[in-house]
Amino acid sequence: MAETYSGEVYCVKCREKRQVTDAVVEENDKGRRFAKGTCPVCGTKVTRIMGKKKETTE
Ligand SMILES: [Zn+2]
């Protein structure tokens with residue numbers, strides 16, 4: 001049951017925010033959630049730190 005994220009993620013290579021549509025949301029052992037996707041422009045992996053569940057104040 002992979003959760004996905006669609007939205008803007010900062011690409012460190014382009015140095016711009018890119019729109020991703022298929023980032024996979026993962027959670028580490030500390031409960032921190034990350035959206036991992038791929039920059040549609042350069043193909044670099046991009047990661048967005050998400051808030052905890054049900055929070056929108058990141
Ligand atoms: Zn990029």
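Tutor: Two residues are in contact when their C-beta atoms, placed from the backbone, lie within 7 Å of each other. By that rule Ala 35, leaving out residues up to four places away in sequence, touches Tyr 5, Val 9, Ala 23, Val 25, Thr 47, Arg 48 and Met 50. Please keep in mind that this is a predicted model, in which local features need pLDDT of at least 70 and side-chain atom pairs count only at pLDDT 80 or more, while totals for chains, interfaces and linings use all residues. Residues are numbered from 1 along each chain as its sequence is written.

Student: Why is Ala 35 called buried?

Tutor: A residue is buried if 20 or more other C-beta atoms lie within 10 Å of its own, exposed if 12 or fewer, and partly exposed in between, with C-beta atoms placed from the backbone. Ala 35 has 21 other C-beta atoms within 10 Å, and therefore it is called buried.

Student: What makes Arg 15 exposed rather than buried?

Tutor: Arg 15 has 7 other C-beta atoms within 10 Å, so it falls under the rule for exposed residues. Arg 15 lies in the loop between β1 and β2, and it has a positive phi of about 60 degrees although it is not a glycine.

Student: How many helices and strands does the chain have, and what makes a stretch count as one?

Tutor: Helices (H or I, at least four residues) and strands (E, at least two) are DSSP runs, numbered from the N terminus. On that basis the chain has zero helices and four strands, and its pattern along the sequence reads β-β-β-β.

Student: How do you know which strands pair?

Tutor: Two strands pair if DSSP finds at least two bridges between them. Strand β1 (residues 3-11) and strand β2 (residues 16-27) are joined by eight bridges in the antiparallel sense, so they count as a pair. Within this pairing, Val 9 has Arg 18 as its bridge partner in β2, and Tyr 5 has Ala 23. Four bridges join β2 to the antiparallel strand β3 (residues 33-38), with Val 24 opposite Lys 36 and Val 25 opposite Ala 35. Six bridges link β3 and β4, again in the antiparallel sense, and here Arg 33 stands opposite Met 50.

Student: What sheet do these pairings give, and which strands are at its edges?

Tutor: They give an open sheet of four strands in the order β1-β2-β3-β4, with antiparallel pairing. The edge strands are β1 and β4 (45-50), since each pairs on one side only. From one strand to the next the twist averages 40 degrees, where the axes are lines fitted to C-alpha atoms and angles run from 0 to 180 degrees between N-to-C directions.

Student: Where are the hairpins, and how many residues lie between their strands?

Tutor: β1 and β2 form a hairpin with four residues between them. β2 and β3 form another with five residues between them, where Gly 31 in the turn has a positive phi of about 85 degrees. In the hairpin of β3 and β4 there are six residues between the strands, and Gly 43 in the turn has a positive phi of about 85 degrees.

Student: Which residues make up the largest nonpolar core, and why is it called a core?

Tutor: A nonpolar core is a set of buried Ala, Val, Leu, Ile, Met, Phe, Trp, Tyr and Cys residues joined through C-beta atoms within 7 Å. Val 9, Cys 11, Val 20, Ala 23, Ala 35, Cys 39, Val 46 and Met 50 make up the largest one, eight residues in all. β1, β2 and β4 each supply at least two residues of this core. Cys 11, found in strand β1, has 22 other C-beta atoms within 10 Å and is therefore buried.
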